[in-house]
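Subject: Structure for your review

Dear colleague,

Please find the structure below, together with its sequence. A summary of the findings follows it.

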Amino acid sequence: MKAGATDAEAVLYEGDEFSALVRLGQVEQLKESGSRAIGLRVFIGQRVASTSSSDFSHESIDRLVEGAITLAKITSEDPFAGLPEPNEYGKLEGDLNLFFDDVNQMPPAERIEIARRTEAAAMACDTRIQNSGGGDFDTATAHKIMVNSRGFAGEYRSSYCGFSTQPIAQDAAGNMQRNYWFSAARTTKKLDSPEAVGQEAARRTLQRLGARQAKTQKAPVVFSPEIARSIIGNIFEAANGDAIYRNASFFAGKLGEQVAGENITVIDDGTLVFDEGDIKIGGFGTRPFDGEGLPTRRTVLIERGILKNYVTNTYTARKLGTQSTGNASRGLAGNPGIGAGNFFLEPGTLTAEQIIGDVKSGLYVTEVMGFGVNLVTGDYSQGASGLWIENGELAYPVEEITIAGNFKDMYKNIVAIGNDLVFRSASASPTIRIDGMTIAGS
């Protein structure tokens with residue numbers, strides 16, 4: 001401010017990361033790192049610029065400020081630029097249970113051993129598993145501090161730990177398949193056992209052996225929770241205020257209209273804290289404030305099929321003539337983007353088995369590949385593999401097929417929603433069934 005800025009905002013980040021990869025019982029990679037950095041955003045009227053540095057010396061900070069001020073003076077004015085209004089700032093009070101120090105306290109040798117046990121458990125399941133992409137174990141802790149010239153000051157710590165394995169199976173004809181499974185949590189106390197994860201990875205891999213193409217047809221498609229998550233996740237991208245303002249989304253101009261079936265309610269909630277009985281744990285997308293210092297909140301994007309809200313930060317909200325939904329995401333440099341909190345489709349009442357059991361002939365998708373999503377038109381087309389459903393049973397594995405549709409129809413044709421909603425990351429969905437999709441195969 002002394003250097004001439006009319007407003008300023010600083011973000012400080014400090015973090016530690018650990019990663020171990022074990023393959024066929026031997027340590028292949030071991031990484032441990034720590035980092036810290038500062039990001040500065042300055043405003044001169046409606047001109048804005050940002051700089052960042054990992055050097056905290058007085059000389060470096062002086063250069064950081066000088067560089068930001070110099071840049072701001074030569075940028076164009078933007079009528080929507082500026083920090084949020086002072087009355088908009090705030091943060092969730094109390095402990096959101098985002099940080100658990102046991103993540104750092106676990107000895108490296110123990111982390112490596114978990115990766116080794118996970119891989120070994122997968123390979124011990126079946127003689128057809130003779131190779132592996134490895135077993136890994138990762139941890140990360142972070143400390144974020146944010147201050148600005150309008151009186152906001154906030155900070156929080158977060159932790160993460162997780163492990164996975166990727167076995168490779170080979171059938172009698174020499175054809176190979178791979179799959180994986182994982183466990184992730186904010187505290188080591190809530191990780192699954194290495195043996196359970198390894199066995200599930202093996203089951204998923206063996207299930208793919210003997211895969212064939214399905215015939216080209218229109219049929220019901222059941223998406224496993226891991227894949228349904230990406231299908232539902234596109235709702236957040238389509239409701240992104242920036243895409244709406246640029247008219248680059250099939251949700252543009254649809255506020256208040258029916259965009260999905262009446263059974264569909266989609267929520268973004270950055271406040272979730274799960275009561276695990278013996279412990280409370282903040283969700284992977286939970287934080288006390290967003291990337292601009294506004295309190296996180298619960299936003300219903302779609303309620304019973306009606307598009308209720310777009311998701312915005314301050315900048316896009318001003319462009320749209322609305323208020324920020326507390327979804328600003330902030331890196332060290334550049335202007336804030338728009339990011340989700342805990343984003344999910346409300347679960348239904350059916351088990352995955354009941355959903356599959358109601359399909360006479362269709363596809364159960366366990367993997368998709370490629371980038372066949374067009375959010376402007378809603379067109380969807382991706383390579384897929386999974387299991388063919390015959391008379392309500394998983395009959396045989398299929399691969400080398402493409403599934404296609406349009407989100408405008410797909411979201412209205414979700415005819416069944418599972419009760420198996422589990423947050424393994426910041427976004428989640430239960431099993432879903434979509435009717436009338438095109439399956440392209442042989």
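The lining of the second largest cavity is made up of 3 nonpolar, 3 polar and 2 charged residues. Please note that this is a predicted model. The residues concerned are Gln177, Arg208, Ala211, Ser385, Gly386, Pro397, Val398 and Glu399. At least two lining residues come from each of strand 18 (379-390) and strand 19 (393-406), and strand 19 gives the most, with 3 residues. The volume of this second largest cavity is about 40 Å³.

In total, 2 cavities of 30 Å³ or more were counted. The largest cavity likewise holds about 40 Å³ of space. Its lining contains no nonpolar residues, but 7 polar and 3 charged ones. Among the residues that line the largest cavity are Asp268, Arg287 and Arg297, as well as Thr296, Thr299 and Asn327.

I would also draw your attention to Gln213, which is located in the loop between helix 4 (194-206) and strand 8 (217-223). Gln213 counts as partly exposed because its relative accessibility is 36%, which falls between the 20% and 50% limits. The C-alpha atom of Gln213 is 5.3 Å from that of Val398, although the two residues are 185 residues apart along the chain. Leaving aside residues up to four places away in sequence, Gln213 touches Glu399, Glu400, Ile401, Gly441 and Ser442. With Glu400, a polar atom of the Gln213 side chain lies 2.7 Å from the backbone oxygen.

Yours sincerely

Key: Residues numbered from 1 in each chain as written. Predicted model: local features only at pLDDT ≥ 70, side-chain atom pairs only at ≥ 80, totals over all residues. Heavy atoms only, no water. Helix = DSSP H or I, 4+ residues; strand = E, 2+ residues; numbered from the N terminus. Buried < 20%, exposed > 50% of the residue type's maximum accessible area, 1.4 Å probe, protein only. Contact = heavy atoms within 4.5 Å. Polar contact = N/O pair within 3.5 Å; in protein donor to acceptor, adjacent residues only side chain to side chain. 1 Å grid on protein atoms, 1.4 Å probe; cavity = no way out; pocket = protein on both sides within 12 Å on 5 of 7 lines; lining within 4 Å. Points joined across faces, edges and corners; volume = space filled by probe spheres on them. Nonpolar A, V, L, I, M, F, W, Y, C, P; charged D, E, K, R; others polar.
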